[in-house]
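Subject: Structure handover

Hello,

Here is the structure I promised to pass on. Please open it next to this message and look up each residue as you read.

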Amino acid sequence: MQIILGITGGVAAYKSAELARLLVNQGHLVRCILTEAGARFITPLTLTSLTGEPCYGANPDQGEWRANPSIEHIELARWADLVAVVPATANILGKAANGLANDLLSTVLLATRAPVLWAPAMNTGMWEHPAVQANVTRLKSFGHAVVDPGEGFLACGEEGSGKLAEVASIAEAIQVHGSPKLRSLNGRRVLITAGPTREDLDPVRTLTNRSTGRMGVELARAFRDAGARVELVLGGEGPAPWGVETVRVHSAQQMLEACLARWADSDGLVAAAAVADQKPECPSIEKAKKGDGPETLVLVRTPDILAQLSAARRSDQWVLGFAAESENHLDHAMAKLKNKGLDAVLVNDVQDGKGFGAQANTLTPLTAQGAHPPIGPLSKDQLARAVVQWWAQRLEARPD
Ligand SMILES: Cc1cc2nc3c(=O)[nH]c(=O)nc-3n(C[C@H](O)[C@H](O)[C@H](O)COP(=O)(O)O)c2cc1C
């Protein structure tokens, strides 16, 4: 993406350098525009050095009034795939909400047709002021995205709301807001399971597997970026992705209950979790003591979440399963597809430690028609995007 990063005059301006760096590392082209007040907090030299692109705005050599055959504010407005203002002062929110354009950044904001995202930061009293809140509401009514500030200690010594959101969350919001939406997924509700489940033997011991949940979390991000409203039922410890409603669960039974509560309101299910197949028949409430001689652990089956949800599906709902197989991949996956009534299975070869925890992975999609060309090897985030593209194309080809 080609991103204009507008930086206005607040103490949090120093964090825009970290954001610029992160966006560049993610493969985006970033051009910064400083307001005059912004340039009192951070220098164009820092931003140019980090982005490898010119820094515009409060720099006499690169300002909008420089004799220039191109009209700078229009060129920049056209160049941008997205304009993000981080941090956004009360002043710039007020100007943009009311169509004022008296410097380069506010003029670009008015001229651009690209999506706009705001990450405000200010003193709590300013943030809570009805004038600022009304301006934020107005900007949202233009289709702009706002990453609300969080709570914490502010530079002014107060504690409360107004603190710039985390840089990583702002970067994710930029990704979401700037990604093209897919017709078959935009506004649709997608339920995704991810991660391992854990079946406790006693308060300190548990039965689980080597899944990290990374693939399911990346799928949640990819469906979210394509426009879906994603609910993620997540086992394991990994962080929840921004902009995805996440429910944390421990056991297979909890995962089933969380999914059943949401299934009727969903358009589709992606069952990426590695659910434990067995659990101890009699888990102990107290920590089990060491015994003498051999010990036997009696296991019973956990509920089959995918089969239960698939059995309860309406004809307008779709179901994607995963199969982690170490041998006879396609035969096992085809049996799973048929037995559980799935629309497609993504087959993951986990032989020799492949798949779980690996950086790059390959998935082979399988439908009732047979195997499709493998997707990958790709990093898990790229793989998730490719899977979403593949599935969206199939949804779009379906008769209504
Ligand atoms: C030390 C200092 C810190 C400031 N911090 C903020 C801030 O965090 N948020 C804010 O909205 N304004 C803050 N201001 C006020 C803005 O800098 C001022 O409203 C300025 O006109 C904003 O211009 P701009 O929106 O063009 O960057 C601060 C001012 C000073 C002197």
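Predicted model: local features only at pLDDT ≥ 70, side-chain atom pairs only at ≥ 80, totals over all residues.

Domains

The domain assignment of the protein gives two parts, domain 1 (2-178) and domain 2 (189-397). Their C-alpha centres lie 39 Å apart. Where they meet, 5 residues of domain 1 are in contact with 6 residues of domain 2. The two domains bury about 550 Å² between them, and 55% of that is on carbon and sulfur atoms. On the domain 1 side, Glu172, Gln175 and Val176 lose the most area to domain 2, together 77% of what that side buries. There are 2 salt bridges between domain 1 and domain 2. Glutamate 172 also forms a salt bridge with arginine 221, with the closest N and O atoms 2.9 Å apart.

In soluble globular proteins, nonpolar side chains tend to be buried together. The largest nonpolar core here has 34 residues, and the members that touch the most others are Leu185, Leu219, Phe223, Val270 and Trp318. At least two residues of this core come from each of strands S9 (189-194), S12 (229-234), S17 (318-325) and S18 (344-349), and from each of helices H9 (214-225) and H13 (380-397). H13 gives the largest share, 8 residues. Apart from this core lies another, of 30 residues, including Leu5, Ala12, Cys32 and Ile42.

Not counting residues up to four places away in sequence, leucine 185 touches Phe223, Ala226, Gly227, Ala228, Trp318, Val388, Ala392 and Leu395.

Threonine 193 sits in strand S9. Is threonine 193 buried or exposed? It counts as buried, because its relative accessibility is 3%, under the 20% cut-off. Leaving aside neighbours within four places in sequence, threonine 193 is in contact with Val233, Met255, Cys259, Val270, Ala271, Ala272 and Ala273.

Cysteines

A disulfide is a covalent bond between the sulfur atoms of two cysteines. How many disulfides does the count come to? The count is 0. Cysteine 32 is buried, with a relative accessible area of 1%. Cysteine 55 also counts as buried, at 1% relative accessibility.

Regards

Terms used. Residues numbered from 1 in each chain as written. Heavy atoms only, no water. Core = buried A, V, L, I, M, F, W, Y, C linked by side-chain atoms within 4.5 Å. Buried < 20%, exposed > 50% of the residue type's maximum accessible area, 1.4 Å probe, protein only. Helix = DSSP H or I, 4+ residues; strand = E, 2+ residues; numbered from the N terminus. Contact = heavy atoms within 4.5 Å. Disulfide = S-S within 2.5 Å. Domains from an automatic or database assignment. Buried area = accessible area lost by both parts, 1.4 Å probe. Salt bridge = Lys/Arg side-chain N within 4 Å of Asp/Glu carboxyl O.
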